[in-house]
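Have the chains coloured separately before you start.

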Amino acid sequence: MYTDIQLKNISTQVRRDIVRMVSQAGSGHPGGSMSSADFLTFLFFEEMNHDPATWDRSAKGFDAFILSAGHTSPVYYSLLARTGYFPVPELGEFRHYGSRLQGHPSVDKGLPGVFQPSGSLGQGLSAAAGIALGKKLDGDPGRVFVMCGDGESEEGQIWEAGIFAAHHGLDNLVAMTDWNNQQIDGTVESVGGLGDLEAKWKAFGWEVIVADGHDFDAIRAAFAKARELDGKGRPVMILFHTDMGHGVDFMSGTCAWHGKAPSADQCAEALWQLGETPLGDY
Amino acid sequence: MKKYIDTGKKDTRSGFGAGLLEAGRRNPAVVALTADLKGSLKMGDFAKEFPDRYIQCGIAEANMVGVAAGLALTGKIPFAGSFAEFISGRVYDQVRQEVAYGHTNVKLASSHAGITLGEDGATHQTMEDIALMRALPGMVVINPCDYNQTKAATIAAAKYDGPVYLRFGRPGVPNFTNPDEPFEIGKAYVMNEGTDVTVFACGHLVWEALKAAEALEDEGVSVEVVNIATIKPLDEEAVLASVRKTRTAVVAEEHNSAGGLGELIAGVLAANEPLPLEFINGGDRFGQTGTPAALMQAYGLDAAHIVEAVRRAVARKR
């Protein structure tokens, strides 16, 4: 088990990876990657039953993770590399021509750890529900995790999948929403008016857990609760309250860094703010 | 000319239902999904025999396509079925990302395709779906001609590893192909050998082409009829072999002109064997309410129109 301090070190390194990858590529999506970095670090390092050595797209016998909000590929790629799916230095190829690290997650170049392409929003929850249903049909005890954005939840298909997963009792499905209240054109409330997500998901027949997505004690408690609910008849939604661009003051709490790359100077400033970690940069 | 016996009118969607049941019996990985159209898609027998492998998705086609992709990852062979418009145009981006780009082993069961859906009218009559599905890299597009061939094609689709768009129809139509002939994906079937002109046809238009060939035989015109049951990948070799013999052709399809079988074959001929080509299709317009037979006639998709097109094609021979 990782201590909170170890987890904090890892998520800080993941944020360093995100800032460096996006800055070096000159494009990409740092904001949502940084808001989801803490709870996804916990998921990949602590919660999920997975083994990069035996991984394949079938997810047989282990847990699966789908990134529905595909634009947050930097956090995904960093975590896949840092948990051993592919060499950490490959992060430097993010968004390069011919790279396995496509702008949005892709399977056609065979990047280990990626189950499905994503980027066109609102679709990952359905794919995750399909994997969860397949596991149930096979009596496979593995769980399926999926991360959606809050802005992404304006897509109607998210709610179609919500109805489906509850109707079919997919209690091996754990969805997470990165509730940072930011999207490209402004705050989620000003753009899409999602309202009370907790009440909405409850009304859709889901178990709903709300937690601070940057506090490892709260994250640990939320996943422990989700684990207790495994096999209890309902899918689980964890709504993580987060802060867009978390960890770097000038990127924090604004939609400005949804899809913008830091300049070299801004990158240096961001890395200085984040501080170095024992894991080291790629 | 080769005689085909209509063994009695049967809908091709029932051929799908029978093929699905047979595929399900042969392989426990086969599962069926529908968006509130179990009866229309003739999935009832499968659902009865394999209740655990029948997945009702409700009226939510976009989600159904994603669920099918997820099931395919776990090793299932999902047939996701709806009306053609709702499993192609309505969910195009879902099919593109989750099925084609993700290269998942999903079979899109597309029923009530074309104008012969009939009385429900244009909202439900897609004449654009072949174009949409052809445009997706790696997508196999199949449009069998009758009940027997649709059943065989369904079984073949279950065996094939990769995305398939399987297009069939609503009304009862002549059933005339050999029920014991297995379906080969990517093969064009020469239904009748001829020397003066080729008619390439798919789906319901194959029977119309055969009727046209019969009528023209009396005029002394020898018509080769080729059933393009797999539109993608196209059997280019068979297409070229036929036109190299006949030197002129007609392409007949229950689909609009843009992106259909006609444009596909025109491209192959232009690149390899520039020869006269005439087209039987819905043109560039929407459908409307009517009986299937009345609509086929009104939209120029019946045997009588094929006869006229053949005469034009023969007249243009150099």
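Start in chain A, where H5(A) and H6(A) pack with their axes 8 Å apart and at an angle of about 20°. That angle is under 35 degrees, so H5(A) counts as roughly parallel to H6(A). Keep in mind throughout that this is a predicted model.

**The H5–H6 pair in chain A**

- On the H5(A) side, the contact is made by Leu125(A), Ser126(A) and Ala129(A).
- H6(A) answers with Gln157(A), Ile158(A), Ala161(A), Phe164(A) and Ala165(A).
- Sorted by class, the residues of this contact come out as six nonpolar, two polar and no charged.

**Where chain A meets chain B**

- How many residues does the contact take from each chain? It takes 26 residues from chain A and 24 residues from chain B.
- Split by class, the side of chain A that touches chain B has 13 nonpolar, eight polar and five charged residues.

**Two spots to look at in chain A**

- Val88(A) sits in the loop between helix H4 (73–82) and H5 of chain A.
- Leaving out residues up to four places away in sequence, Val88(A) touches Ala81(A), Arg82(A) and Tyr282(A).
- Val88(A) and Asp17(A) are 71 residues apart along the chain, yet their C-alpha atoms are separated by 9.7 Å.
- Gly275(A) is in the segment after helix H10 (264–274) of chain A.
- Gly275(A) counts as exposed, because it has 12 C-beta neighbours inside 10 Å and the cut-off for exposed is 12 or fewer.
- Between the C-alpha atoms of Gly275(A) and Gly245(A), which are 30 residues apart along the chain, there are 15 Å.

**The two domains of chain B**

- Chain B is divided into domain 1 (10–173) and domain 2 (189–315).
- Taken over C-alpha atoms, the centres of domain 1 and domain 2 of chain B are 25 Å apart.
- The contact between them draws on 27 residues from domain 1 of chain B and 30 residues from domain 2 of chain B.
- Which elements give two or more residues to the domain 1 side of chain B that touches domain 2? They are helix H5 (129–134), strand S6 (140–142) and helix H6 (147–159) of chain B.
- That domain 1 side of chain B is made up of 15 nonpolar, eight polar and four charged residues.

**The H8–H9 crossing in chain B**

- Helix H8 (residues 236–246) and helix H9 (residues 261–272) of chain B have axes that come within 11 Å and cross at roughly 65°.
- An angle from 65 to 115 degrees counts as roughly perpendicular, and H8(B) and H9(B) are therefore roughly perpendicular to each other.
- The crossing of H8(B) with H9(B) is right-handed.
- Glu236(B), Val239(B), Leu240(B) and Val243(B) of H8(B) meet Ile265(B), Val268(B), Leu269(B) and Asn272(B) of H9(B).
- This contact of H8(B) with H9(B) holds six nonpolar, one polar and one charged residues.

- Which two residues does a cis peptide bond join? Lys232(B) and Pro233(B), with omega at about 0°.
- Pro233(B) belongs to the loop between strand S12 (230–232) and H8 of chain B.
- At the loop between H8 and strand S13 (249–252) of chain B you'll find Arg247(B), a non-glycine with a positive phi of about 70°.
- Arg247(B) is partly exposed, with 18 other C-beta atoms within 10 Å.
- His103(B) isn't a glycine either, and has a positive phi of about 45°.
- Look for His103(B) in the loop between helix H4 (92–101) and strand S5 (107–111) of chain B.
- His103(B) has 19 C-beta neighbours inside 10 Å, so it counts as partly exposed; buried would take 20 or more.

Definitions and conventions
Residues are numbered from 1 along each chain as its sequence is written. Chains are lettered from A and ligands numbered from 1 in the order in which they are written. This is a predicted model: local features need pLDDT of at least 70, side-chain atom pairs count only at pLDDT 80 or more; totals for chains, interfaces and linings use all residues. Helices (H or I, at least four residues) and strands (E, at least two) are DSSP runs, numbered from the N terminus. Axes are lines fitted to C-alpha atoms, for helices over the stretch in contact, and angles run from 0 to 180 degrees between N-to-C directions. Angles under 35 degrees count as roughly parallel, over 145 as roughly antiparallel, 65 to 115 as roughly perpendicular and the rest as oblique. A crossing is left-handed if the near helix is turned anticlockwise from the far one by less than a right angle, and right-handed if clockwise. Two residues are in contact if their C-beta atoms, placed from the backbone, lie within 7 Å. Ala, Val, Leu, Ile, Met, Phe, Trp, Tyr, Cys and Pro count as nonpolar, Asp, Glu, Lys and Arg as charged, and the others, Gly among them, as polar. Domain bounds come from an automatic or database domain assignment.
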